[in-house]
Amino acid sequence: LAEENPANLAEFKVLLPHVSLQSTLQHHLAKIAQQALMLPQVVYYRPARKTLLTAGFNPLTSQQRQLWLAQRLQTKQHSWTAALALAGQLFHLADDITAAGRHWPELLAALPSDYDNHWQDLRQWWQLLTEDYPDYLAQFGNDDPALAAQQWQQQHCQQWQQHAGSMVALL
């Protein structure tokens, strides 16, 4: 649409499911911005926990999952404070991976098995997130917040793409 008539861009609203996509989109829009009078409205959307609950999901809160992982990370090398901070960072990374549509087993397989100890630590952390965490969620009937948000977004993107007309929803 942009190549045919760049002025049409102003008629669109682009919904982004993840903040990291915004810079990529802006880069591509900048290439055609010289020809367009106005660029589309870009909106970052992520469903709130209340929205997910209403939609039938049962996501853990950020605090619940951070505490769960911190308990498993706390060792002689990691104080409680360090374990809590590391748990938050790992889940932030895990959310980014999930939102980007990456597959955990592929990432774990890509980690070297014969490198330094820090790689082994990362491998153990990934195993906690990919093996123990899903079991924990299943035990209490909870959903992973990032995965629930992604599923909600996919459902709504399909609806928006079918009925929105000038709305573009990116997954």
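**Helix H4 and its partners**

Author: H4 passes H6 in a right-handed crossing. Ten residues build this contact by class, for it has 10 nonpolar, no polar and no charged residues. From H4 come Leu86, Leu90, Phe91, Leu93, Ala94 and Ile97, and from H6 come Trp125, Trp126, Leu129 and Tyr133. Two packed helices are described by the angle between their axes and the distance between the axes. Here the angle between H4 and H6, the latter spanning residues 117-140, is about 70 degrees, and the axes lie 11 Å apart. An angle from 65 to 115 degrees counts as roughly perpendicular, and H4 and H6 are therefore roughly perpendicular to each other.

The model is a predicted one, and its confidence should be kept in view. The average pLDDT of the protein is 75, with 74% of the residues scoring at least 70. Helix H3, residues 62-73, has the highest mean pLDDT among the elements, at 90, whereas strand E3, residues 167-169, has the lowest, at 56.

That helix, H3, is also a partner of H4. The two pack at an angle of about 125 degrees, with a separation of 8 Å between their axes, H4 covering residues 80-99. H3 and H4 are therefore oblique to each other. The crossing of H3 past H4 is again described as right-handed. On the H3 side, the contact is made by Arg65, Gln66, Leu67, Trp68, Leu69, Ala70, Gln71 and Leu73. On the H4 side, the residues are Trp80, Ala83, Leu84, Leu86, Ala87, Gly88, Leu90, Phe91 and Asp95. By class, the contact of H3 with H4 comprises 12 nonpolar, three polar and two charged residues. Leu86, Leu90 and Phe91 of H4 take part in the contact with H3, and these residues also belong to the contact with H6.

Gln150, which is found in helix H7, residues 145-163, is in contact with Thr98, Ala99 and Gly101, its neighbours within four places in sequence being left aside. Gln150 has a relative accessible area of 17% and is therefore buried.

Of its 171 residues, 33% count as buried.

Technical notes. Residues are numbered from 1 along each chain as its sequence is written. This is a predicted model: local features need pLDDT of at least 70, side-chain atom pairs count only at pLDDT 80 or more; totals for chains, interfaces and linings use all residues. Side-chain values use heavy atoms; hydrogens and water are left out. pLDDT is the predictor's confidence in each residue, from 0 to 100. Helices (H or I, at least four residues) and strands (E, at least two) are DSSP runs, numbered from the N terminus. Axes are lines fitted to C-alpha atoms, for helices over the stretch in contact, and angles run from 0 to 180 degrees between N-to-C directions. Angles under 35 degrees count as roughly parallel, over 145 as roughly antiparallel, 65 to 115 as roughly perpendicular and the rest as oblique. A crossing is left-handed if the near helix is turned anticlockwise from the far one by less than a right angle, and right-handed if clockwise. Contact means heavy atoms within 4.5 Å. Ala, Val, Leu, Ile, Met, Phe, Trp, Tyr, Cys and Pro count as nonpolar, Asp, Glu, Lys and Arg as charged, and the others, Gly among them, as polar. Buried means under 20% relative accessible area, exposed over 50%, partly exposed in between (1.4 Å probe, protein chains only).
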